[in-house]
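Open the model in your viewer and keep the selection panel at hand. The stops below say what to pick next and what is there.

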Amino acid sequence: MATRKSAAQDKAAGKASGSASADELKSYYRDMLLIRRFEEKAGQLYGMGLIGGFCHLYIGQEAVVVGLEAAAEEGDKRVTSYRDHGHMLACGMDPDGVMAELTGREGGYSKGKGGSMHMFSKEKHFYGGHGIVGAQVPIGAGLAFADKYLDNNRVTFTYFGDGAANQGQVYETFNMAALWKLPVIFVIENNQYAMGTAQVRSTSSADLYKRGEAFGIPGELVDGMDVLAVKEAGEKAVAHCRSGKGPYILEVKTYRYRGHSMSDPAKYRTREEVQKMREEKDAIERVRVMLLDGKHASEDDLKAIDKEIKDVVSKSADFAKDSPEPDPSELWTDIYARDSPQGAALETGDA
Amino acid sequence: MPTEVLMPALSPTMEEGTLAKWLVKEGDTVSSGDILAEIETDKATMEFEAVEEGVIGKLLISEGSEGVKVNTPIAVMLEEGESAEDIAKSGSDEAAEAEDAGSKSGSEEKTAESGKTSDKAPAKAKSKGDAKEEDDIPKPDQTPDWPDGTKMRTQTVREALRDAMAEEMRRDPNVYLMGEEVAEYQGAYKISQGLLDEFGGKRVIDTPITEHGFTGIAVGAAFGGLRPIVEFMTFNFAMQAIDQIVNSAAKTLYMSGGQMGAPMVFRGPNGAAARVGAQHSQDYAAWYAHIPGLKVVQPYSAADAKGLLKTAIRDPNPVIFLENEIMYGKSFDVPVLEDFTVPFGKAKIWREGSDVTIVSWGIGMTYALEAADRLAEDGIEAEVIDLRTLRPIDYDTVLASVQKTNRCVTVEEGFPVASIGNHLSAVIMTRAFDYLDAPVLNCTGKDVPMPYAANLEKLALLNADEVVEAVHKVTYR
């Protein structure tokens with residue numbers, strides 16, 4: 001936790017805490033709370049059968065994306081795995097469109113055709129939402145490859161988990177990213193469990209931030225339950241990439257409160273372990289305390305934010321329930337760009 | 001208003017479960033995230049958490065109840081200031097509503113089922129004069145690929161492929177080539193000869209030997225606005241990368257609701273070379289043609305190699321471009337035109353004939369054309385069609401030909417099971433059944449891994465004799 005002492009010092013210097021102003025702190029609080037409440041609602045809609053298939057919640061990990069988005073500039077790109085709802089909300093995608101994609105409706109970001117794991121936004125430079133563990137890592141480096149080729153000074157945040165960190169293509173990518181000095185930040189969100197396998201049972205050496213050493217990629221361990229620490233590390237990584245020095249690795253230690261997906265039996269860790277993290281390390285609570293102790297916000301101010309978020313989330317759930325299912329004709333669209341109906345041409349049975 | 005807590009669906013397939021244990025009792029105050037109950041599904045025992053804060057008003061289902069359907073109310077939560085009396089009031093209304101909904105959906109199901117039954121009645125056989133059949137008259141596009149009188153020059157397939165890439169790289173600065181040995185080595189098969197000199201190291205890029213990784217990087221580059229050409233030293237090695245080709249490149253346009261896709265070309269030699277054994281000798285045409293979202297090209301001549309590769313590079317979709325090592329050195333006439341392209345989905349008739357239709361593509365055309373020459377000596381006139389693209393397939397040209405010849409033989413180097421020939425047979429059966437005077441025969445490679453021994457390899461590969469024999473079978477002469 002950023003200490004109260006430093007908060008007080010910063011206040012004297014016109015700052016709330018660390019390198020964040022009171023307004024920035026409030027905005028991180030708001031953004032993290034939005035993700036948490038959104039995910040709780042998603043879990044609820046899943047239980048009601050409105051969301052189907054796989055649904056991987058981000059609860060507990062909110063500070064990672066909110067901290068890194070605070071270090072990003074307009075035009076920077078991001079790509080991640082299937083645990084993607086938080087990333088989308090943090091980069092400014094509309095909660096209505098995200099929730100409606102979860103329910104498989106027309107108003108969803110992919111018109112209901114992608115689902116929880118497959119969402120994209122060209123406008124917000126969000127390149128998915130990938131369902132195959134590790135596959136987004138070379139894709140992220142490829143986005144950075146395009147940026148370098150086009151010489152546009154953008155960076156790409158490529159997120160993956162401690163589980164994906166053992167995939168072979170990650171190291172193929174590290175090699176090429178370092179060789180070609182690609183402006184890509186590899187963010188290893190280490191929530192300490194690859195599905196149900198604890199990191200110590202799957203990984204020969206615990207320090208994932210050192211995994212780039214053989215390729216000459218600098219790495220850093222970051223407290224992912226501290227949004228300001230994440231932001232600070234993110235800024236350093238961004239500066240490194242933007243200056244043309246090539247890739248950077250951030251291992252962000254975090255914790256997922258919920259199961260791997262909705263159908264997780266939670267037999268691989270104790271309830272006490274989860275409870276302890278929630279009580280002692282929670283990233284949202286930490287910022288809440290900072291805001292109150294630093295007198296940057298009153299209980300009433302925070303209640304107002306809570307209410308505002310609750311309304312946004314409940315509106316998104318209503319939108320996601322009310323949006324119609326995609327028209328049956330959508331089955332045959334977006335298979336090929338410019339929509340030449342190749343799929344239909346193969347449907348010879350009805351001819 | 002009191003809110004009902006419903007039996008949750010805790011896995012993608014769960015329909016009912018056992019309420020194993022309540023961890024709260026009536027009157028308890030709970031907050032979001034508190035565990036309410038343990039629920040047993042078919043997979044595991046799961047903890048069920050509260051999503052809202054409130055007070056447990058009433059537990060509706062007792063511990064140990066089995067077969068509790070998803071969405072059955074299992075408890076009622078109260079907000080501040082509400083009492084248990086509010087429960088009865090709102091509860092009974094909703095129960096009635098739920099029952100209504102249940103019976104309604106039940107009757108709908110029945111209607112759908114009875115509709116299905118009538119569909120199952122045997123359809124009346126269609127006569128040739130049916131309107132539907134009229135609509136299905138194939139309309140092949142047989143416009144020539146280049147105007148009459150165009151100057152021609154002789155070129156190898158290798159040179160044609162290089163020229164196609166060079167022309168497209170001059171035309172669009174975002175087209176670049178990456179792969180193993182494409183730059184300084186000048187191409188493992190010399191396809192990229194001279195490109196590094198002309199376009200420099202930024203656009204002609206040697207990769208490490210990491211197909212999975214560099215294919216994924218190229219897919220990302222395509223998402224990011226570039227037009228990558230990925231050269232696989234051979235398509236055998238692309239199996240390392242097939243997840244990125246199929247799951248990332250082919251499916252993203254659909255999964256993103258049309259927002260972004262991967263305009264790129266995957267190219268390289270495919271199929272058997274000579275004496276290189278099982279792991280380096282496989283035809284992947286049927287594999288890739290199976291995938292919606294990909295386009296698949298397998299040229300035979302140098303002119304098609306050039307015209308189709310230029311079209312592939314311009315296409316806004318991922319294109320699999322299957323070349324052949326044995327064909328690289330073969331020479332053909334190539335039109336001398338400023339910008340010569342060949343459209344996808346347009347087959348080429350190499351030889352007209354009225355007795356049998358032989359359909360092939362890529363190196364298979366070598367056997368098809370040789371067989372046709374020999375059959376002509378026996379007085380059998382074969383029409384030989386080169387599909388050129390396997391996705392999309394020009395069904396119209398094939399069907400129009402079969403309607404004329406009433407017989408068809410397909411020729412491909414790939415394995416027989418789930419081959420392109422199998423698919424063509426099914427299409428012809430479906431759309432031209434009444435025109436067939438013989439079963440469609442598929443000539444393919446043998447159903448064995450490619451052997452090394454010279455004599456066995458020869459036996460495993462397709463040859464013109466087998467095509468001739470198949471034609472004799474379907475023409476009964």
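How many bridges join strand S4 (residues 35-40) of chain B to S5(B)? Five, and the two strands run antiparallel. Before going on, some ground rules. This is a predicted model, in which local features need pLDDT of at least 70 and side-chain atom pairs count only at pLDDT 80 or more, while totals for chains, interfaces and linings use all residues. Residues are numbered from 1 along each chain as its sequence is written, and chains are lettered from A and ligands numbered from 1 in the order in which they are written.

**Stop 1: the sheet**

Strands (E, at least two residues) and helices (H or I, at least four) are DSSP runs, numbered from the N terminus. Two strands pair if DSSP finds at least two bridges between them. Select Glu40(B): it stands opposite Thr45(B) in S5(B). Now widen the view to the open sheet of four strands in chain B, with order S5-S4-S2-S7 and antiparallel pairing. Neighbouring strands are turned by 40° against each other on average, direction ignored.

**Stop 2: two helices**

Select H5 (residues 211-223) and H6 (residues 242-250) of chain B. They pack at an angle of about 15°, with their axes 9 Å apart. Axes are lines fitted to C-alpha atoms, for helices over the stretch in contact, and angles run from 0 to 180 degrees between N-to-C directions. The angle makes H5(B) roughly parallel to H6(B), a label for angles under 35 degrees. Show His212(B), Thr215(B), Gly216(B) and Val219(B) in H5(B); they meet Gln244(B), Ile245(B), Ser248(B) and Ala249(B) in H6(B). Contact here means C-beta atoms, placed from the backbone, within 7 Å.

**Stop 3: where the chains touch**

The contact takes 53 residues from chain B and 54 residues from chain A. On the chain B side, S5, H5, H6, H7 (252-255) and H13 each supply at least two residues. H5(B) gives the most to that side, with ten residues.

**Stop 4: an enclosed helix**

Go to H12 (residues 395-405) of chain B. Nine of its eleven residues are buried, so this helix is largely enclosed by the rest of the structure. Buried means 20 or more other C-beta atoms within 10 Å of the residue's own, with C-beta atoms placed from the backbone. Among the buried residues are Tyr395(B), Asp396(B) and Thr405(B). They pack against strands S17 (348-351), S18 (356-360), S19 (382-386) and S21 (408-411), and helix H13 (420-432), of chain B. Just after H12(B), Asn406(B) takes a positive phi of about 65°.

**Stop 5**

Select Val409(B). Beyond its neighbours within four places in sequence, its contacts include Val356(B), Ile358(B), Leu441(B) and Cys443(B). In the largest nonpolar core, of 220 residues, Val409(B) is one of those that touch the most other members, as are Met32(A) and Ile185(A). The largest share of this core, eleven residues, comes from H2 (residues 22-47) of chain A. A nonpolar core is a set of buried Ala, Val, Leu, Ile, Met, Phe, Trp, Tyr and Cys residues joined through C-beta atoms within 7 Å.

**Stop 6: into chain A**

Finish at Ala320(A), in H12 (residues 299-322) of chain A. Ala320(A) is buried, with 26 other C-beta atoms within 10 Å.

Definitions and conventions. A residue is buried if 20 or more other C-beta atoms lie within 10 Å of its own, exposed if 12 or fewer, and partly exposed in between; C-beta atoms are placed from the backbone. Two residues are in contact if their C-beta atoms, placed from the backbone, lie within 7 Å. Angles under 35 degrees count as roughly parallel, over 145 as roughly antiparallel, 65 to 115 as roughly perpendicular and the rest as oblique.
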